[in-house]
Amino acid sequence: MIPASFDYFRPSTIEEAVDVLAGAGEEAKVLAGGHSLLPLLRLRLAYPTALVDVGRVAGLRGVSDRGDHVLIGATTTHDEVVRSPIVREHCPLVALATATVADPAVRHRGTFGGSLAHADPAGDLPAVALALDMVLEVRSPAGERAIPAAGFFLDYLESALAPGEILTGVRVPKLGPGWGFHYEKFHRTAQAWATVGVAAAVRQSNGTVEEVRVGLTNMGSTPVRATAVEEAARGVEAGQNGGLRRAAEQAAEGTDPPADLHAQPDYRMHLARVLTHRALLSASAHRSPAT
Amino acid sequence: MTEQLDTGVVAQQIKEHDVLDAPAGGSEVGRARRRKEDARLVTGRTQWTDNIQLPGMLHVAFLRSPMAHARITRVDTSAARTRRGVVAVFSGQDFAGEQGSLPCAWPVTPDTVIPEHPPMAVTTVRYVGEAVACVVAVDRYAAADALEAIEIDYEPLEPVLDMTEALAEGSPKVHEAGNESFTWNFAGGDIDAAFHEAPVVIERTYVQQRLIPSAMEPRAVVAQTDGDHYTLHSSTQIPHVLRVMLALTTGIPEHKLRVIAPDVGGGFGSKLQVTAEEVLSLLITRRLGKPVKWTESRSEGNLTVHHGRDQLQRIRLAADANGRIRGVQVKLLADMGAYLMLVTPGVPLLGAFMFNGIYKMDAYDFTCTGVFTNKMPTDAYRGAGRPEATYAIERVMDELAAEIGVDPMEIRRRNWIQHSEFPYTTICGLTYDSGNYEAATDRALALFGYDKLRAEQSDRRERQDPVQLGIGISTYTEMCGLAPSRVLGSLSYGAGGWEHADVRVLPTGKVEVVTGTSPHGQGHETAWSQIVADSLGVPFEDVAVLHGDTATSHKGMDTYGSRSLAVGGIAVVRACDKVKEKARQVAAHLMEASPDDVEFSEGRFRVRGTGTSQTIQEIALATFAAHNLPDGFEPRLDASATFDPENFSFPHGTHLCAVEVDTETGATAIRSYVAVDDVGNVVNPLIVEGQVHGGIAQGIAQALFEEAVYDSDGNLLTTTMADYLLPSAADLPNFTTDRTETPATSNPLGVKGVGEAGTIASTPAVVNAIVDALRPHGVHDVRMPCTPERVWRTLRTEGGEPA
């Protein structure tokens, strides 16, 4: 890797990290696992003047049960997320989606917080964050604040993080009993980004769908919450021949998917409809044991 | 902490488990041995070119054209010269007087247009990525940083990006001489008669997309000089050819230029080249008197490693009503890119004799036009010409079967050369020396469960299952083991196709083999050791194989075209024979017997009918001491051999592929893949297995994943592996492989090449399967790579759904 030169800082506390970042200027970037940032540096598509490496900041890594939610530290690696019993028990959708991220090597380095802060709509986790109404905790010299996922992803690679703010952790609300989950990822090779991904959560009772949450990956400049599907699915009969297919027909509503070498927008919209149906079916077939 | 790999430990582990399977009788040939070179290769602790560090070495970075076609109107390197660590900055003008033209060794016709090809563009750029300037600096970072300070103004010219449009009247021109490089024709039999009133005529156009060879090791060059002699390390397949060509291009006398290919991490034809970077590195080191290194990045490689395939194939086939082929006519457009490189125009010719495949026919007609475009030049890529030909004939055989309504395997049986008909001279004039298509096919069908899968296919069709099943067949052959020198001469190639070997028995009885082939991952060191161990009766471990350095291996034609074993391996056998004959003279002398009474087996010379014997190691020491040798005997137990084959080798096989196609999304999934290959006798089954696996993967990659894409301005869009998709093991099925062994009759080992067979076979097997799955939907072709989107769109247009 032959990037342009930059200053490198490796703080060991969050206070120090916030200070260093504040002093490093507007062109400084936070480095966690590096699996999104380093390719940009390698291709000289980004020229940060400084990197603040939060990889060894104490207290940012790990998963804890906080009663009504699970707190995932920003520098927790994807692999740690997938293996966490707390995540698997209380937010299985996070585990399902994270397990599809790239390959094992990437999952051992890449971090949960990093992939949200990078705000790539083709990443698998932003759509999950939307679907589950996660809340992102950030720190700056001004103090702490919490940003709901719905207000976090502003544009392509652009989040609500202000200059000087560092993502410290993510609250994942526990959804309670009766829910089933699925992440349907459509990609051309195992390591490729999702052409389209669908994060689905379905709560049903006595064969009737009571509540649905759907987040879409790579269907616009930000991850997309498929609210039309969620409304259309409420109250329909579950199962192959129920109303989920009709609800899934709404999946492309309001999306503005990108064109690239792997798919044109009309194909992505078609995929969103087909995959949403499949995701809803799978989610309703794999209800969590808590039911 | 990650555990550190210890090369010694890995080597020990490999050694402890080195033989996985051995033939009865204890011979080395036929033994499934792990490769002796693997420990250093897989741990990376070896002399890769980029690992070389020389005192005072400088680093080169190239500035590359962002324009597909433009005139260079201004170059200003002054700001770059002032950057940190910069030693020198050069543009094309600085080399104009000495850089010569990159060579093309294969002018296929007397009137082939071979444009001047300056290693660094001077006045005009003709493809995105062409070198326009370079920085020489104290490290790679300084060199890359300073590139950004070079200012170049371009006056844009209209790019030529489509072959058909390039040949149309009024097209902008890549070169003054026009966009056609050559047209080459070859015919056998009466093609008009074959098509006249033929009951069945199939006509199809197939697109061989442009591919980017992706060797694991990027290209790298280290050049140095003492002011008189020059040494060039390069990650190349062809150190010997390169030395000759660089001498001719740069004017450095051949005897003052040493070329070394150290361990090389793959090539697939992409390192069968004389590159701009190799020439320029020599020129820079000549200019500065200091050693220099250049190592490409992956994106730089995608832009400027020569590309592969890129043909537009129009194929017509005439047949009788029962499906017997009467004739095949092929009209090919081959994209040369912006220049002709080492063998660019010859690649389609290597396929010209293969569009008939394994089939008998009355007539054949082939025409190829080489076309210039403003893209990276194309050249040899694994299979070079034969995958393209095999694809077209194997695809069209399926179309023929569909047209007359018989099973695609049956149509092949009706047309292929029967085992009893070998040796068989084809309509193209090649003599296939041996083959048994029936045996390979029967074995493949049994392993595949053909009938059961056909039953499942009909069931899914009846049920209108959204996931349809398709079965693809590829009964391929290919010509390899390049090549009889006379044949190459008749095709206007600039060199011969022989190969050289030296075998020397050292005083202690150990053996050194010097081979003119140049391994870059194939396992020559292991295979040659097995051959020598059997021939001289020495332990496998006692053989060392030297290669890749023109100072130690003075003569060779290097490695490509599945030639190493079938040509280079035979040179080793011949040299061993000569050594044995010398040793026999010494043995007879020492044992006071007539040489005619001395027989040799398992490393021991015995006087027939007596208990007297001498080992080859004893003979070696006696020859070294030279105290008591036959009168006039030169005290040396070494020999050279140069082998020029009389014929190509013709591996063949039957590949069967079952693909599930999701008609809702267009996604395809290979469910099973069976390959039964016949590569003649086998020296090391494990190496053969590896070649077959890798080859199949690479062919599947063309069918499903890989494509170099240029936009309408001539910018390459697939410059990273996120855009240029290579499958990994996770994307491929388990392959079921097996072999039949029909020995080649053209060489004493009975071997055929295996390096390209898998790639040649697998692409049509996969696409045939996809088309087979969708045929009831009205689909008769899907353009490669068969991406989900392309399958989906094909279904919507061919399948009658609204587009």
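**Entry 1: charges over rings.** I count a charge as sitting over a ring if NZ of Lys or CZ of Arg is within 6 Å of the ring centre and within 35 degrees of the ring normal. My source is a predicted model, where local features need pLDDT of at least 70, side-chain atom pairs count only at pLDDT 80 or more, and totals for chains, interfaces and linings use all residues. Side-chain values use heavy atoms, with hydrogens and water left out, residues are numbered from 1 along each chain as its sequence is written, and chains are lettered from A and ligands numbered from 1 in the order in which they are written. I found B:Lys36 over the face of B:Phe540, 4.6 Å from the ring centre. I also noted B:Lys555 over the face of B:Trp498, at 5.0 Å from the ring centre.

**Entry 2: ring pairs.** I pair rings of Phe, Tyr and Trp (its six-membered ring) if their centres lie within 6.5 Å; planes under 30 degrees apart are stacked, over 60 edge-to-face, and the rest tilted. How many aromatic pairs are there over all chains? My count came to 20.

I picked out B:Tyr206 and B:Tyr391, an edge-to-face pair with 5.7 Å centre to centre and 85° between the planes. B:Tyr206 is in strand β10 (residues 200-211) of chain B and B:Tyr391 in helix α12 (residues 386-404) of chain B, so this pair ties together parts 185 residues apart in sequence. Helices (H or I, at least four residues) and strands (E, at least two) are DSSP runs, numbered from the N terminus.

B:Tyr206 is buried at 1%, and B:Tyr391 is buried at 2%.

Next I looked at B:Trp416 and B:Tyr437, whose ring centres are 6.3 Å apart with planes at 70°, so I logged the pair as edge-to-face. B:Trp416 is buried at 2% relative accessible area, and B:Tyr437 is buried at 3%.

I also traced a cluster: ring pairs link B:Trp184, B:Phe186, B:Phe353, B:Phe355, B:Tyr364 and B:Phe366.

**Entry 3: cavities.** On a 1 Å grid over the protein atoms alone, I take a cavity as a set of points where a 1.4 Å probe fits but cannot get out; lining residues have an atom within 4 Å of a point. My search of the whole structure gave eight cavities of 30 Å³ or more. The largest cavity has a volume of about 130 Å³. Of its 19 lining residues, B:Arg219, B:Glu277, B:Thr304, B:Met341 and B:Met376 are the closest to its centre.

Conventions. 1 Å grid on protein atoms, 1.4 Å probe; cavity = no way out; pocket = protein on both sides within 12 Å on 5 of 7 lines; lining within 4 Å. Points joined across faces, edges and corners; volume = space filled by probe spheres on them. Buried < 20%, exposed > 50% of the residue type's maximum accessible area, 1.4 Å probe, protein only.
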